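This report describes one protein model, going from its overall make-up to single residues. The sequence and the coordinates come first.

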Amino acid sequence: MNNGCNRWKAITRLHLVLSATLIIFLRFSFADSQLIANAAEMPEIKQRGYLNIAVKNNLRPLGFTDVSGKLQGLEIDLAVKLSQDLLGKENAVKLKPVSNRDRMTVVLNNQVDLTIARVTATESRSRLVSFSVPYYFDGTVLVTKDASAQRLADFARRKIAVLKKSSTIAEVKYYIPNAELLGVNSYEEARSLLEKNNCDAFAADASVLSGWVQQYPEYRLLSTKLSTQPLSVVMPKGLQYDELRQRVNEAIARYIAKGWLAERVKYWGLP
């Protein structure tokens, strides 16, 4: 009799545990579906009167805070221009500075409408979000203080710093196979090596190194890119966002055709 009661109690406890688990699962599933359903579509954005856009605030010359505390840069210009064109008025944007790791997450979690924060459009990322037509083509370049070095071939058998575990390593090995590569953990570590003359160049993204050269004018970039990486606006997926995506793409296409983007790229000193 006791064994039967014990078995019944065990079954009842198991049923309660499974029921609680199911309730928790459904609650989180419903919460996720609510997040997706509540993402701002174009009519809601128009009614609201402004765009929420994630940007960088520490990446000269794409997006950075100037000495007066104002956000500046190519991507800031693009965010302001898009908001004016999509909503037809001035001051129609709220800029949200984000870290690198949160650039796509804030779109996925519907915290912003768009992200313009040096995001490279890749096939794997496009499974999660939509990308606009590229507004700038980034890529790997070399920065150096050596005025005598003008071509990639001039760095054969010389020391080049590269970020550890980065795709830059393969690119440098392909174009300058005889160079000696020195792995570094950060841009600052690379600059320290250059300052101490412990390496001859540093290979990294042109968009970042352009800001470096602006800050430290004794350095210069080689004109040859070792790779090409499209930077695009991050947008939400889903048929309900078709109008938003279409209008962003059409606007960027106009900026390219009319030379506005080329002028801003030149203004901000990007190669």
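## Basis and overall make-up

The model is predicted, with local features needing pLDDT of at least 70 and side-chain atom pairs counting only at pLDDT 80 or more, while totals for chains, interfaces and linings use all residues. Residues are numbered from 1 along each chain as its sequence is written, and side-chain values use heavy atoms, with hydrogens and water left out.

The protein has nine helices and 15 strands; helices (H or I, at least four residues) and strands (E, at least two) are DSSP runs numbered from the N terminus. Of its 271 residues, 41% count as buried. Buried means under 20% relative accessible area, exposed means over 50%, and partly exposed lies in between, with a 1.4 Å probe and protein chains only. Contact means heavy atoms within 4.5 Å. Among contacts between residues at least 6 apart in sequence, 68% join residues at least 24 apart.

## Packing of α3 and α8

Two packed helices are described by the angle between their axes and the distance between the axes. For helix α3 (residues 74-87) and helix α8 (residues 242-257), the angle is about 115 degrees and the axes are 10 Å apart. The axes are lines fitted to C-alpha atoms, for helices over the stretch in contact, and angles run from 0 to 180 degrees between N-to-C directions. The crossing of α3 past α8 is right-handed; a crossing is left-handed if the near helix is turned anticlockwise from the far one by less than a right angle, and right-handed if clockwise.

On the α3 side the contact is made by L78, K81, L82, D85 and L86, and on the α8 side by L244, R247, V248, A251, I252, R254 and Y255. These residues divide into eight nonpolar, no polar and four charged. Here Ala, Val, Leu, Ile, Met, Phe, Trp, Tyr, Cys and Pro count as nonpolar, Asp, Glu, Lys and Arg as charged, and the others, Gly among them, as polar.

## Nonpolar cores

A nonpolar core is a set of buried Ala, Val, Leu, Ile, Met, Phe, Trp, Tyr and Cys residues joined through side-chain atoms within 4.5 Å. The largest core has 36 residues, of which L82, Y135, V233 and V248 touch the most other members. At least two residues of this core come from each of α2 (42-48), β1 (51-55), α3, α8 and α9 (260-267). The largest contribution is that of α3, with seven residues.

Apart from this core lies another, of 16 residues, including V143, A190, L193 and A206.

## Aromatic pairs

Rings of Phe, Tyr and Trp (its six-membered ring) pair if their centres lie within 6.5 Å; planes under 30 degrees apart count as stacked, over 60 as edge-to-face and the rest as tilted. By this rule there are seven aromatic pairs. Y174 and Y175 form an edge-to-face pair, 5.0 Å centre to centre with 85 degrees between the planes. Y174 is exposed, with a relative accessible area of 64%, and Y175 is partly exposed at 43%.

The ring centres of Y267 and W268 are 5.0 Å apart and the planes are at 90 degrees, so this pair is edge-to-face. Y267 is exposed at 53% relative accessibility, whereas W268 is buried at 11%. Elsewhere, ring pairs link Y187, F202, W212 and Y219 into a cluster.

## Local backbone features

A cis peptide bond joins R60 and P61, with omega about 5 degrees. P61 is placed in the loop between β2 (58-59) and β3 (63-65). Q72, in strand β4 (residues 71-72), is in contact with L62, G63, F64, D66 and W268, leaving aside its neighbours within four places in sequence.

Phi of N91 is positive, near 50 degrees, in a residue other than glycine. N91 is in the loop between α3 and β5 (93-97) and is exposed at 75% relative accessibility. R118 also has a positive phi, near 55 degrees. This residue lies in the loop between β6 (114-115) and β7 (130-131), and R118 is buried, with a relative accessible area of 15%.
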